[in-house]
Amino acid sequence: MVGELFFDLQKAFDCVNHDILLSKMKFYGIRDIANKLMESYLRNRYQRVVINDDRLNKYYSELEQMHHGVPQGSVLRPLFFLPYINDLPKSVSDKSNPILFADDTSFIITNYNKGEFKHNIYDIFHEINKWFQSNLLSLNYGKTYLLQFVTKSNQEIEMHISLKNKKITTTQSIKFLGLTIDASVTRKYHIMELPSRLNKACFAIRSIRLFMSLDILRSTYFLYVCSVISYGIIFWGNSSYSGEGLAVAWEAGMTGTVFVNDCPTNKTGKGTPMLAGIKLHDKDNTSSAPFER
């Protein structure tokens, strides 16, 4: 039996408690002057609410000092969250394999025994929720899911996980870190999303090709076509459904190339599978794209 719990936090970065964060930084070795520098960055920040009425009058609330959250727009915002959540996996490390990426948190649970499998999932869910409460973080129950991986021999087990009358949804597929994971691990749902995304990318190239330079068209192609095709190719490229996805990827690559080669500012001439002399599978010596033939 294999299952995975996907947790979602409500306003994770805004709920980081300054006292807890600084104490954890000190535990991890950020002490003395370095810790005081971090403290001066977080402390003595104030905020207030501004309301505009229909007559363009502004009303201000009293200034209140902030004790939670890291400044928005700062490159340190996700970095501060890492030491804050770093000790989370230790609370259930004996029963699961954690996967943490900033505030995207999931735990993989495996067990040959169905009874122990269900028991471990219940235990892990309650332990993780207890850790969140201890660190003043709130779980978003509506976006927290359980995904059970199934095979022909191992079917889904009926489970009902709830806490405080709030149920956790069991799902058949979920998007995690930009990849759509499904219960049967066929990658079918992820591949089914490729045509729509690539069609939008080709439409964007077609819409701007008459009044944009080759450099901009080339950047658009690699940004909206190449990135979509190559992302997670190790994950979905060997799927039994990948043939359809690769065909769409090849068509999108060729379509994007035709649009670029047909650009008025393009002096290369022929509509070959090249973008101003750059092959579809090559940009700045990056790895080959999946539609290379």
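## Exercises on helices, rings and strands

Helix H1 has buried residues whose cover includes H2, H3 and H4. Here and below, contact means heavy atoms within 4.5 Å; helices (H or I, at least four residues) and strands (E, at least two) are DSSP runs, numbered from the N terminus. Buried stands for under 20% relative accessible area, exposed for over 50%, and partly exposed for what lies in between, with a 1.4 Å probe and protein chains only.

This is a predicted model, in which local features need pLDDT of at least 70 and side-chain atom pairs count only at pLDDT 80 or more, while totals for chains, interfaces and linings use all residues. Residues are numbered from 1 along each chain as its sequence is written, and side-chain values use heavy atoms, leaving out hydrogens and water.

**Exercise 1. Find which residues of helix H1 are buried, and describe what stands at the start of H1 and what follows H1.**

Step 1. H1 covers residues 18-27, and its buried residues are His18, Ile20, Leu21, Leu22, Lys24 and Met25.

Step 2. Turn to the start of H1: a side-chain oxygen of asparagine 17 comes to within 3.0 Å of the backbone nitrogen of aspartate 19. This is a polar contact, a pair of N or O atoms within 3.5 Å; within protein, one must be able to donate a hydrogen and the other to accept it, and residues adjacent in sequence count only if both atoms are side-chain atoms.

Step 3. After H1 comes glycine 29, with a positive phi near 105°.

Step 4. Lys24 also takes part in a charge-ring arrangement: the charged end of lysine 24 sits over the ring of tyrosine 84, 5.0 Å from its centre. The rule asks for NZ of Lys or CZ of Arg within 6 Å of the ring centre and within 35 degrees of the ring normal. Arginine 187 lies over the face of phenylalanine 235 at 5.1 Å from the ring centre.

**Exercise 2. Count the aromatic pairs, then work out how the rings of phenylalanine 7 and phenylalanine 125 are arranged.**

Step 1. Start with the rule: rings of Phe, Tyr and Trp (its six-membered ring) pair if their centres lie within 6.5 Å; planes under 30 degrees apart count as stacked, over 60 as edge-to-face and the rest as tilted.

Step 2. Locate both partners: phenylalanine 7 is in strand E1 (residues 2-7) and phenylalanine 125 in helix H4 (residues 114-134), so the pair ties together parts 118 residues apart in sequence.

Step 3. Check the burial: phenylalanine 7 is buried, at 4% relative accessible area, and phenylalanine 125 is buried too, at 0%.

Step 4. Now take tyrosine 41 and phenylalanine 80, a tilted pair with 5.8 Å centre to centre and 50° between the planes. Tyrosine 41 belongs to helix H2 (residues 32-42) and phenylalanine 80 to helix H3 (residues 76-85), so this pair ties together parts 39 residues apart in sequence. Tyrosine 41 is partly exposed at 23%, whereas phenylalanine 80 is buried at 3%.

Step 5. To finish, ring pairs join Phe7, Phe107, Phe125, Trp131 and Phe132 into a cluster.

**Exercise 3. Identify how E1 and E8 pair and how E8 and E10 run.**

Step 1. Two strands pair if DSSP finds at least two bridges between them. E1 and E8 are antiparallel, with 5 bridges; glycine 3 stands opposite glutamine 148 in E8.

Step 2. E8 and E10 run parallel and are joined by 3 bridges. Leucine 146 has threonine 170 in E10 as its bridge partner.

Step 3. Of the 5 residues of E8 (residues 145-149), 4 are buried, so the strand is largely enclosed by the rest of the structure.

Step 4. Threonine 171 lies in E10 (residues 166-171) and is buried at 15%. Its side chain reaches the backbone oxygen of serine 173 at 2.8 Å. Leaving aside residues up to four places away in sequence, threonine 171 touches Tyr145, Leu146 and Leu147.
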